[in-house]
Amino acid sequence: MKTIILFVTAFTLSVLTLSAQRIKGSDTVLPLSQQEAETYLKQNPTASITVTGGGSGVGIAALLSGTTDIAQSSRKIKFDEREKLKAAGKAAKEIIIAYDALAVVIHPDNKVDGLTREQLADIFMGKITNWKEVGGTDLRIVPYSRETSSGTYEFFKESVMKNKNYMNGIMSMPATGAIIQSVSQTKGSIGYVGLAYLNTSVKALKISYDGGKSYTEPSVANAKNESYPIVRPLYYYYEAKSEATVKPFVDYVLSSAGQLIVSEIGFITVR
Amino acid sequence: MSTKKLRRAGEYVIEKLLTVSGAVTGLTMLTITVFLFKEGAGLFRSPSVEKGYALYVHAENPVERLSVNEIKGIFDGEITVWNALSSDYPHAEIVPYRIEDIFQRYSESELGEDYALLPDKLAEVIRETSGIIAFLPQQYAPTGMTGVKTLPSQDIRPADFFGGTSWMPTATPAPLFGVLPLILGTLFVSIVAILIALPLGLSVAIFLSELAGTRTRKWMKPAIELLAGIPSVVYGFFGLVVLVPLVQRAFALPVGETAFTGSLILAIMALPTIITVAEDAMRNTPRELREASLALGAGHWQTIRKVIIPYASSGISAAVVLGIGRAIGETMAVLMVTGNAAVMPHSLFESVRTIPATIAAELGEAPAGGAHYQALFVLGCVLFLLTLLISVSAEWMAGKQSSKIL
């Protein structure tokens with residue numbers, strides 16, 4: 001009994017004194033941060049890190065209210081979020097920890113192999129509605145999108161649709177897994193998922209950002225040599241003042257051991 | 001003597017405890033309702049353009065005000081000339097402009113410390129471009145500078161909210177909050193679900209209470225009640241993996257995520273409630289009533305139809321209300337199988353979006369206190385009133401029926 005009490009007090013004390021680091025935000029970055037934290041803690045048993053999700057916006061809001069030390073984000077901090085931080089007397093430091101490529105997926109029976117950015121934008125804006133308009137068979141196109149709260153939704157809108165809005169009444173799925181499931185069982189479907197989620201039940205399209213001159217297949221190698229265009233950086237944001245406390249962990253993530261975990265999880269390394 | 005006193009004191013304490021727990025429950029319910037309505041109340045005082053932002057045009061532009069749909073059309077590139085907006089402006093081409101665009105022209109250092117020079121640079125851009133419409137944060141906006149005209153901001157109108165047919169809450173610069181497709185979607189899915197579940201549920205209830213042997217009932221009833229304990233996300237996943245392809249193949253549809261699929265999964269989920277409550281009500285029919293009916297020469301089926309069902313009618317309507325309540329409020333399963341497309345429902349075999357699914361999917365990321373957040377709370381109020389209406393009308397119907405019989 002005594003030992004338990006001792007252990008508990010020692011534990012709480014260590015948690016309090018070592019100023020536990022908190023990481024919060026994007027669900028896309030979540031598995032990466034968890035894995036990084038786990039291995040980091042193995043090497044530094046005295047440190048303490050808690051990782052939680054909730055969405056990129058939630059993480060940055062938590063940085064603003066001081067309830068997290070690092071905000072993980074799958075999108076760049078927005079202009080007004082930076083302004084709010086500035087108004088609260090905080091300066092956010094930005095670190096890119098990895099890259100994530102988005103793959104556009106269709107039903108495996110679909111004969112279409114590649115699409116241009118313009119065609120993709122028109123499909124998701126509802127201007128192209130049949131596969132025969134882009135060289136496929138006479139079949140209605142069924143676009144699947146993520147929910148508006150997802151960072152993936154925002155990034156696709158920014159990169160592919162150049163900030164135009166999605167068509168009214170687009171099908172929106174609550175998770176990446178649901179998109180894969182729906183795309184694999186709907187003939188005319190098209191959707192977008194993180195590269196790490198690709199599997200054989202769906203077909204990934206080649207994408208062209210130069211109007212159809214060259215099409216590139218989504219793969220880690222192509223994303224790394226920058227020939228695949230739909231790639232987004234994944235960020236850590238932290239307050240400049242707390243740099244000393246978070247630096248060891250951030251450095252670990254950027255080290256070769258940390259970047260090995262990045263590629264294991266299916267993201268693209270920074271270097 | 002003392003034990004008696006002690007017992008009395010104990011009773012007193014228990015009585016008070018019961019009163020307190022009743023009061024706490026009532027208070028909690030009241031607090032939740034008040035919270036719901038309070039959070040939603042600010043919506044119709046929010047500007048229709050994103051908070052903290054405004055739209056600016058060239059000073060010579062005669063345009064006075066733009067509707068939300070017009071703003072969206074402009075920034076989506078659907079409206080490209082000012083003449084299309086019935087404003088007689090010679091420099092016809094519309095040039096949409098966002099704050100990010102300025103950073104492509106000037107580097108951060110050129111904009112000065114804390115963006116001190118930003119308003120001047122923006123004013124310069126606006127003066128240069130006669131067809132411009134700029135969507136800028138008010139903090140850095142070139143308000144009142146020569147050559148710049150600010151478009152007056154408008155509040156979100158209740159008519160646009162309740163009558164609007166597009167739900168695009170994150171559209172920039174002007175989000176569209178039209179809840180009609182969501183309300184209709186919710187009603188559509190729930191009503192069809194109850195139309196499927198009710199006949200099925202009542203038949204099973206009659207079978208269990210009147211026809212089934214004791215042994216069948218003994219294992220079947222707990223099995224059905226167990227169904228009610230399955231988490232709804234499991235139902236949702238079952239729906240997505242099994243029902244969606246099934247519906248798609250059975251009706252030869254391009255998409256399997258339809259209102260009908262949602263109704264099916266909701267019907268399955270409402271069945272245990274309907275069966276349990278209705279069966280209990282039927283089995284509570286007094287033995288004398290059954291025996292009297294049989295003694296008068298009525299058959300088994302006649303007794304069920306003329307005696308037991310009328311006697312149990314209030315219980316049956318309670319079952320219906322609970323079933324509808326379950327269907328209307330169900331979130332996760334519907335979120336996974338209906339496809340969540342916010343369109344006006346035309347047929348059963350199209351994707352729809354329900355109110356609970358919308359709230360669940362969007363509330364997490366909506367900035368607290370913003371228009372989107374408030375709109376979701378107003379949706380919660382709408383859902384609350386819908387359920388209230390259904391309960392009250394069912395109660396009223398049940399009261400009317402029972403007074404007719406007895």
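Which residue in S7(A) does Tyr144(A) stand opposite? In the predicted model, Tyr144(A) faces Met171(A) of that strand. The pairing of S6(A) with S7(A) is parallel and comprises three bridges. S6(A) is also joined, again in parallel, to strand S8 of chain A (residues 189-194) through two bridges, with Pro143(A) placed opposite Ile190(A).

S6(A) is mostly covered, five of its five residues being buried. In a regular strand, side chains alternate between the two faces of the sheet. Val142(A), Tyr144(A) and Arg146(A) are buried on one side of S6(A), and Pro143(A) and Ser145(A) are buried on the other.

The interface between the two chains brings 36 residues of chain A into contact with 43 residues of chain B. The area buried between chain A and chain B amounts to about 2,900 Å², with carbon and sulfur atoms contributing 50%. On the chain A side, the greatest losses of area to chain B fall on Phe79(A), Asn165(A) and Gln185(A), which together account for 21% of what that side buries.

Ten residue pairs are found in polar contact across the interface of chain A and chain B. One salt bridge is counted between the chains; Arg353(B) forms a salt bridge with Glu147(A), with 3.1 Å between the closest N and O atoms. Several elements of chain A each supply at least two residues to the side that touches chain B, among them helix H3 (56-65), helix H4 (79-87), strand S6 (142-146) and helix H7 (176-185). The residues of this side comprise 13 nonpolar, 15 polar and eight charged.

Note on methods. Residues numbered from 1 in each chain as written. Chains lettered and ligands numbered in written order. Predicted model: local features only at pLDDT ≥ 70, side-chain atom pairs only at ≥ 80, totals over all residues. Heavy atoms only, no water. Contact = heavy atoms within 4.5 Å. Buried area = accessible area lost by both parts, 1.4 Å probe. Salt bridge = Lys/Arg side-chain N within 4 Å of Asp/Glu carboxyl O. Polar contact = N/O pair within 3.5 Å; in protein donor to acceptor, adjacent residues only side chain to side chain. Helix = DSSP H or I, 4+ residues; strand = E, 2+ residues; numbered from the N terminus. Nonpolar A, V, L, I, M, F, W, Y, C, P; charged D, E, K, R; others polar. Buried < 20%, exposed > 50% of the residue type's maximum accessible area, 1.4 Å probe, protein only. Pairing = 2+ DSSP bridges.
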